[in-house]
Amino acid sequence: MKNAQNRWINSKLSTPPLFVNNPLIKSFINNRLITYIRGVFFFSEAKEMDCEKKYQKKIVICVIVLFLTSLIPGVLGYSFDDYFNEEENWAILVFGGAHGHELRFRNTTKHAYETFKDLGYDDDHIYYMHDVDSSEPGVDALSSKTRVHQSITGWMRQNSDENDNCCFYFIGHGGPAFSERTFQIGIWNITFQGWDFIFPEELNDWIDTVMCNVFTVILDSCLSGGFIKPLSRENRIVITSSPKLWDSFALSQECAFSYHFINKLAEDGSYGEAWMYADREQLNLTNPEIPDYPFFERLGIILALKTTNPQLDDNGDGIGQGRFCKADELPTGGDGYLALNTYPV
Ligand SMILES: [Ca+2]
Ligand SMILES: [Ca+2]
Ligand SMILES: [Ca+2]
C-alpha cells in the first residue's frame, strides 16, 4: 500500500505535461475559446430561426467583429477560468528534522497538518514531509532537500494556477551558512544520515516557478529572518519566527511561535492575524507552558521567550516588521495589508 502510495507521489512530483505551461494553448483556452463557442451558438440559433437574409448578414458581421475583438487580450473579459477555474489552496509542510527537541518539532508539524485538514484541506492539497517517520498519518514522503525541491517545482507548480493560494511551512533548525555568506534551514536526510541545507536564494528560485495568486512562506526556525530579503516579492507573504540574528524557542510540547500561530489559524484567523497573535502570546507566556526544568533553566527559557521577535514582510521591499519584546500590530511599516487579508482557506 505504501509503495503504491509512493509511486503515486512520484507521479505527482513529475514534470507537468507540456500543454499545461504552453502559453499559446493557455491563452487560447483562457481568452478565446468561450468567445468562439458563443459566436457559433449565436450563428446557428439565427439560422434555425430562419431569419431574413439581411439579418443573417448582420449576424455574420457581428460574429466576425466578436472574433476580431476577442483577439485583443482582455477586451471581452470572458475567460474560461472565470467559469471553470476553482480557487484552490495548496500547502507543503516540512518537518526538517530534529537534533534534540524531537517531540516538540514532531508535535508542531502534526498540529499544523491537523489544523490544515480541519480547515478543509484534503490530502491531495497537502504535501507533508516528515524527517524519519513515513507512517505518521498524512505523511507523503520522508524529508530530503530533493523532495522539498520537487514538492515545490513539481507537485505545487503542476497543481497551482493563477487564482490559487500556496503555502510553504517549514518547522526545524535554521542557522548561518558562513561559507555561503547567507542563512540556511536544515533537512535531515535519513537515507544519507546527514543534513542537507537549503539556502534562501535557491528556495526563492523554486518558489518563483509556481504560478499562484498569493504565496505564503512560514519558517519556524532559528535565524529564519535571514530568509526575508531573498524571498521578498510582490504577492508573497514571508513570516519568520525570528529575525536574522536571533533564535526561536520552544514550549514544553511545541515550538513556541507555531503553537500560537497555528492555534489562531484554527480559529479562522488570517496569516496576518495569526502572526500578531503569536507575537503577543509569546510575550504573555504563562508558566504551565514552560518545560518543567530547574528554576534557573525555567527562568532562562522565560527570558528567551520574552525576547522572541517574529518577522513579517508582505510588500515585497525585503524589509520585515517586528520589534523585540513588543507585541506588534499590523499593518505597520507598509507591511501587513496582504497578510491580514490572506487566509489558509
Ligand atoms: Ca485555480
Ligand atoms: Ca516589508
Ligand atoms: Ca514583536
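I looked up the open sheet first: three strands, in the order 5-6-7, with antiparallel pairing. The model is predicted. I then checked the edges. Strand 5 (174-177) and strand 7 (194-198) stand there, each with a single partner strand, so each has one side without a neighbour in the sheet. I noted the twist too; from one strand to the next it averages 45 degrees.

**Strands 5 and 6.** I went through this pair by bridges. Strand 5 pairs with strand 6 (residues 182-189) over four bridges, in the antiparallel sense. I followed Gly175 across to strand 6 and found Gln184 as its bridge partner.

**Helices 6 and 10.** Next I took helix 6 (residues 102-119) against helix 10 (residues 256-266). They pack at an angle of about 10 degrees, and their axes are 10 Å apart. Angles under 35 degrees count as roughly parallel, so I logged helix 6 as roughly parallel to helix 10. From helix 6, the contact uses Thr108, His111, Ala112, Thr115 and Asp118. From helix 10, I listed Ser258, Tyr259, Ile262, Leu265 and Ala266. I sorted this contact by class: five nonpolar, four polar and one charged residues.

**Core.** Last, I turned to the largest nonpolar core, which has 70 residues. Which residues have the most contacts inside it? I wrote down Ala91, Ile92, Leu93, Val94, Tyr169 and Trp275. I then picked Ala91 and looked up what it touches, leaving out residues up to four places away in sequence. The list for Ala91 is Phe116, Tyr121, His125, Ile126, Cys167 and Tyr169.

Terms used. Residues are numbered from 1 along each chain as its sequence is written. Chains are lettered from A and ligands numbered from 1 in the order in which they are written. This is a predicted model: local features need pLDDT of at least 70, side-chain atom pairs count only at pLDDT 80 or more; totals for chains, interfaces and linings use all residues. Axes are lines fitted to C-alpha atoms, for helices over the stretch in contact, and angles run from 0 to 180 degrees between N-to-C directions. Helices (H or I, at least four residues) and strands (E, at least two) are DSSP runs, numbered from the N terminus. Angles under 35 degrees count as roughly parallel, over 145 as roughly antiparallel, 65 to 115 as roughly perpendicular and the rest as oblique. Two residues are in contact if their C-beta atoms, placed from the backbone, lie within 7 Å. Ala, Val, Leu, Ile, Met, Phe, Trp, Tyr, Cys and Pro count as nonpolar, Asp, Glu, Lys and Arg as charged, and the others, Gly among them, as polar. Two strands pair if DSSP finds at least two bridges between them. A nonpolar core is a set of buried Ala, Val, Leu, Ile, Met, Phe, Trp, Tyr and Cys residues joined through C-beta atoms within 7 Å. A residue is buried if 20 or more other C-beta atoms lie within 10 Å of its own, exposed if 12 or fewer, and partly exposed in between; C-beta atoms are placed from the backbone.
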